[in-house]
Amino acid sequence: MLMTIVATSCDTSSNGFDEIDAPAIYYGAVSQDSVLCIYKKGNLSITNDQAIDKHSQFALFSITKTFTAIGIMQLVESGRISLDDPAIKHLPQYEFLGEITIRHLLTHQSGINNPLPIRWIHLAENDDTFDFDEFNRKVLTQKAKVKSEAGSKAAYSNLNFILLGDIISKVSGLSYHDYIMQNVLNNDEMGFQWKKKNVVTGYHRSGIQGLILGFLMDKKKFTDPKVGGFIPFKKINLNGSAYGGLLASPNGLNIFLQELLSSESQILSKEIRNAMFMEQPLSNKKPSGHSLGWFTGSLSGEKYIHHAGGGGGYYLEMRIYPEKGIATYLLTNKSGFSDQRILDKLDAQHLDFK
């Protein structure tokens with residue numbers, strides 16, 4: 001059920017946004033029936049004077065994992081899979097899976113390694129001919145290694161979500177792309193996409209950071225000449241969709257998050273949604289820091305689930321405070337490669353947790 005969106009501006013008298021070193025920023029906070037506040041600055045690119053707006057598209061990178069998790073939870077809700085199914089039941093071609101379950105994959109407790117994914121990219125102009133299934137098969141066959149016993153610790157890995165994307169495709173009979181668009185993001189107003197249209201240009205700082213980038217990827221192929229201290233990325237898509245391929249606009253995130261927060265959500269039932277939000281302990285009963293597809297945390301005593309996304313040209317965060325019925329997000333167009341939890345500061349300033 002879609003909720004009414006009533007946007008208001010955030011209080012910018014003491015905001016913390018000026019500390020974010022990115023050409024463009026969009027911050028939003030929503031409840032199930034309204035947008036509590038928004039803040040935006042910047043243009044579609046440094047050389048384009050068109051300001052970003054609620055329809056401007058940002059690459060979500062690893063925030064995509066939360067949508068993959070929702071797809072898995074829908075299949076659980078329909079009885080087509082169980083969280084405690086051995087993953088090899090659905091993907092028998094990967095013997096390394098052993099006793100690893102779907103729950104282990106969702107909570108990063110599989111013990112599977114995490115190869116550096118920065119080279120797993122291709123130009124958007126080649127997207128129509130790129131074989132996503134072949135990439136998944138090749139990277140899992142050549143790169144996947146089990147480094148620790150399943151359930152013994154939480155260690156982040158993109159390979160977990162490549163596997164989950166393949167399970168969604170195998171069980172549903174649809175491609176991963178099609179399943180997510182038809183079952184998780186099935187409202188045209190959301191405007192989520194896999195291909196880059198109306199996208200905010202992503203940037204990387206020049207100088208030393210730019211030199212390091214040259215060691216990590218083919219700069220000539222994937223970037224343009226620097227502008228104003230920043231190196232602009234060309235339109236690039238990720239090879240592995242289920243761990244980081246989605247693009248979204250603020251408007252799309254507003255509608256999606258309101259729908260997910262709703263007690264009458266068509267995406268997941270309240271029971272399954274709450275199960276997804278619940279922290280999953282390790283096998284020794286110690287906290288893992290993960291729910292089913294999300295990280296966990298707290299701010300001013302309020303528990304939240306959270307995911308960051310980042311890579312070449314973008315850094316983003318998305319968060320839900322289940323007990324408050326509030327969700328927030330931050331979208332920026334400068335490279336980020338670690339979870340910075342910038343929302344800790346922004347949410348503390350712009351949300352009332354009293």
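This briefing covers the fold, core, confidence and selected residues of one protein. The model is predicted. Its average pLDDT is 93, and 96% of the residues score at least 70. The protein has 11 helices and 14 strands. With a radius of gyration of 19 Å, close to the 20 Å that the globule rule gives for 354 residues, it is as compact as a globular protein of that length.

**Confidence**

**Overall dimensions and surface**
- Along the principal axes, the C-alpha atoms fill a box of roughly 50 × 50 × 35 Å.
- Buried residues make up 57% of the 354 in the protein.
- The accessible surface is about 15200 Å². Carbon and sulfur atoms hold 49% of that surface.
- Take the contacts with a separation of 6 or more: 69% of them link residues 24 or more positions apart.

**Nonpolar cores**
- Nonpolar side chains tend to be buried together in soluble globular proteins.
- Here the largest nonpolar core has 88 residues. Phe67, Leu106, Phe192 and Phe256 have the most contacts inside it.
- Helix α4 (residues 158–172) gives this core its largest share, eight residues.
- A second, separate core has 20 residues, including Ile20, Leu299, Tyr304 and Tyr315.

**Around Phe67**
- Phe67 is one of the residues with the most contacts inside the largest core.
- Neighbours within four places in sequence aside, Phe67 touches Leu60, Ile180, Val184, Leu185, Phe192, Leu246, Phe256 and Met318.
- Phe192 and Phe256 are in contact with Phe67, and both are also among the residues with the most contacts inside that core.

**The β1–β2 hairpin**
- Strands β1 (residues 25–31) and β2 (residues 35–41) run antiparallel, joined by six bridges.
- The two strands form a hairpin, with three residues between them.
- Val30 has Val35 in β2 as its bridge partner.

**Lys285**
- Lys285 lies in the loop between α10 (270–277) and β11 (295–299).
- Its relative accessibility is 69%, so Lys285 counts as exposed; the cut-off for exposed is over 50%.
- Lys285 and Asp133 are 152 residues apart along the chain. Their C-alpha atoms are separated by 36 Å.

Definitions and conventions: Residues numbered from 1 in each chain as written. Predicted model: local features only at pLDDT ≥ 70, side-chain atom pairs only at ≥ 80, totals over all residues. Heavy atoms only, no water. Pairing = 2+ DSSP bridges. Helix = DSSP H or I, 4+ residues; strand = E, 2+ residues; numbered from the N terminus. pLDDT = per-residue confidence, 0-100. Core = buried A, V, L, I, M, F, W, Y, C linked by side-chain atoms within 4.5 Å. Buried < 20%, exposed > 50% of the residue type's maximum accessible area, 1.4 Å probe, protein only. Contact = heavy atoms within 4.5 Å. Rg over C-alpha atoms; globule rule 2.2 N^0.38 Å. Areas by Shrake-Rupley, 256 points an atom, 1.4 Å probe, with all protein chains shown as cover.
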